[in-house]
Amino acid sequence: MTAVLTWSTDSLSPHERFAHWREERGKQLFGVTIEMPPERRHLFHGRFTARQAGGATIASMGASAYRVSRTEADIAQRPKDSLVIGLQVAGPGWCDTPAGQTFVDAGAVAVGHTDLPSQATPATDGDFLVHMLTIPLARIGAEAAAARR
């Protein structure tokens with residue numbers, strides 16, 4: 001059985017939680033840029049679990065609402081070349097991609113490619129919860145070209 005990685009901000013002091021999540025979970029793990037209004041950062045909390053399955057990653061992430069983007073610079077620094085399928089359990093918001101803007105409500109499934117720029121903006125200040133399946137495109141062969149679009 002594959003080990004489950006679990007990480008939470010619970011062990012950090014409130015004034016350290018957002019900065020740590022932004023740098024360690026955002027920049028280092030996911031290669032994304034995370035922003036939150038400074039006046040809300042002391043209230044931030046987050047939890048992340050993940051495990052490997054057949055070369056893919058199954059993850060669950062819940063946290064205080066924040067804006068996240070995957071910029072051209074983020075992609076250049078940490079290319080992933082993966083298909084991501086996400087189930088938005090809680091915390092609706094807007095997702096901007098090269099294909100346009102979409103509202104992602106709780107209960108919606110979203111599909112994307114990690115190496116296309118995107119930005120997600122929460123529609124509320126409440127918490128969000130998303131379950132994700134990330135599949136490296138090298139694992140799916142000839143269909144990878146279509147997934148990159």
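Is Cys95 buried, partly exposed or exposed? Cys95 comes out as partly exposed, because its relative accessibility is 24% and the cut-offs are under 20% relative accessible area for buried, over 50% for exposed and partly exposed in between, with a 1.4 Å probe and protein chains only. Before going further, a word on the ground rules: this is a predicted model, so local features need pLDDT of at least 70 and side-chain atom pairs count only at pLDDT 80 or more, while totals for chains, interfaces and linings use all residues. Residues are numbered from 1 along each chain as its sequence is written, and side-chain values use heavy atoms, with hydrogens and water left out.

**Overall layout**

- The chain has 3 helices and 11 strands, where helices (H or I, at least four residues) and strands (E, at least two) are DSSP runs numbered from the N terminus.
- Reading from the N terminus, the elements go β-α-β-β-β-β-α-β-β-β-β-β-β-α.
- The radius of gyration is 15 Å, close to the 15 Å that the globule rule gives for 149 residues, so the chain is as compact as a globular protein of that length. That radius is taken over C-alpha atoms, and the rule is 2.2 Å times the number of residues to the power 0.38.
- The C-alpha trace spans about 45 × 40 × 30 Å along its principal axes.
- Contact here means heavy atoms within 4.5 Å. Of the contacts between residues at least 6 apart in sequence, 69% join residues at least 24 apart.

**Surface and charge**

- Buried residues make up 32% of the 149 in the chain.
- The accessible surface is about 8300 Å², with 58% of it belonging to carbon and sulfur atoms. Areas come from the Shrake-Rupley method with a 1.4 Å probe, and for residues only the protein chains shown count as cover.
- There are 15 positive and 15 negative side chains, and the centres of the two sets lie 5 Å apart. Lys and Arg count as positive and Asp and Glu as negative, with His and the chain ends not counted; each charge is placed at NZ of Lys, CZ of Arg, CG of Asp or CD of Glu.

**Two polar side-chain pairs**

- A polar contact is a pair of N or O atoms within 3.5 Å; within protein, one must be able to donate a hydrogen and the other to accept it, and residues adjacent in sequence count only if both atoms are side-chain atoms.
- His113 sits in strand β9 (residues 109–113) and counts as buried, at 11% relative accessibility.
- The side chain of His113 makes a polar contact of 3.0 Å with that of Asp81.
- Asp81 belongs to the loop between α2 (72–77) and β6 (82–90) and is partly exposed, with a relative accessible area of 25%.
- Have a look at the backbone of Asp81 too: its phi is near 45 degrees, a positive value in a residue other than glycine. For background, most residues other than glycine have a negative phi.
- Asp74 lies in helix α2 and is buried at 4% relative accessibility.
- Neighbours within four places in sequence aside, Asp74 is in contact with Lys27, Gly31, Val32, Thr33 and Ser69.

**Who sits beside whom**

- Met36 is in the loop between β2 (33–35) and β3 (46–53), and at 3% relative accessibility it counts as buried.
- Not counting residues up to four places away in sequence, Met36 touches Phe18, Arg41, Phe44, Ser64, Ala65 and Tyr66. Met36 and Ala65 are 29 residues apart along the chain, with 7.8 Å between their C-alpha atoms.
- Gly112 is in strand β9 and is partly exposed, with a relative accessible area of 29%.
- Gly112 contacts Ser82, Leu83 and Val84, leaving aside neighbours within four places in sequence. Gly112 and Arg148 are 36 residues apart in sequence and 8.3 Å apart from C-alpha to C-alpha.
- His15 lies in helix α1 (residues 14–30) and counts as exposed, at 64% relative accessibility. His15 and His42 are 27 residues apart in sequence, and their C-alpha atoms are 5.1 Å apart in space.

**Back to Cys95**

- Cys95 is located in strand β7 (residues 93–97).
- Residues up to four places away in sequence aside, Cys95 touches Gly100, Gln101, Thr102, Val104, Gln119 and Ala120.
- The C-alpha atoms of Cys95 and Pro38 are separated by 22 Å, and the two residues are 57 apart along the chain.
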